Amino acid sequence: MEVIGMKARVLVISDHPLSVEGLLKLLMDQTELLEIVGVLGHRAAELEQTVSLRPDAVLLDCDSAGESVAEWMAALRSYSLTALAEIDFCIFVYNAPDDV
């Protein structure tokens, strides 16, 4: 996902602290390719920040805050179509078990 000479901007969204810690450890090994632009704990409350951080990729815990991925994506889409038209990003969904 690296653009020539640029790092991919990655946003992590999860409410599982241990899962986030593990993901960050993995991502930090790729600092020549990736820049962590933020870690957000709750999807529903973070729509504005998701848009304003302008990530290239969002790593989204599919079980965060009891909201489905489809609901979050619909909320993001309706949050600001104008803002979303100005940015492109990929959403990667993962599942962090509750017992992690």
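View 1. At 55% relative accessibility, Lys25 counts as exposed, whereas Glu21, at 41%, counts as partly exposed; here buried means under 20% relative accessible area, exposed means over 50%, and partly exposed lies in between, with a 1.4 Å probe and protein chains only. This is a predicted model, in which local features need pLDDT of at least 70 and side-chain atom pairs count only at pLDDT 80 or more, while totals for chains, interfaces and linings use all residues. Residues are numbered from 1 along each chain as its sequence is written, and side-chain values use heavy atoms, with hydrogens and water left out. The side chains of Lys25 and Glu21 meet in a salt bridge of 3.6 Å, N to O, a term that stands for a side-chain nitrogen of Lys or Arg within 4 Å of a carboxyl oxygen of Asp or Glu. Both residues lie in helix α1 (residues 17-28), 4 residues apart, which is about one turn of the helix; helices (H or I, at least four residues) and strands (E, at least two) are DSSP runs, numbered from the N terminus.

**View 2. The salt bridge between Arg9 and Glu35.** The structure holds 2 salt bridges, and one of them joins the side chains of Arg9 and Glu35 at 3.7 Å, N to O. This pair links distant parts of the chain, since Arg9 sits in strand β1 (residues 8-13) and Glu35 in strand β2 (residues 34-40), 26 residues apart. Arg9 is partly exposed, with a relative accessible area of 26%, and Glu35 is also partly exposed, with a value of 35%. Side chains of opposite charge can pair when their charged atoms come close.

View 3. The 4 strands form an open sheet in the order β2-β1-β3-β4, and the pairing is parallel; two strands are said to pair if DSSP finds at least two bridges between them. The edge strands are β2 and β4 (90-94), each of which pairs on one side only. From one strand to the next, the twist averages 20°. Helix α1 lies across β1, β2, β3 and β4, and runs at about 170° to β2. Contact means heavy atoms within 4.5 Å, and axes are lines fitted to C-alpha atoms, for helices over the stretch in contact, with angles from 0 to 180 degrees between N-to-C directions.

**View 4. Strand β3 and its two neighbours.** Strand β3 (residues 57-61) pairs with β4 in the parallel sense over 5 bridges, and β1 pairs with β3 in the parallel sense over 4 bridges. Among the bridge partners, Val10 has Ala57 in β3, while Val58 has Ile91 in β4.

**View 5. Ser14 beside Asp61.** Ser14 lies in the loop between β1 and α1, and this residue is buried, with a relative accessible area of 4%. A polar contact of 3.0 Å joins the side chains of Ser14 and Asp61; such a contact is a pair of N or O atoms within 3.5 Å, where, within protein, one must be able to donate a hydrogen and the other to accept it, and residues adjacent in sequence count only if both atoms are side-chain atoms. The bridge partner of Asp61 in β4 is Tyr94.
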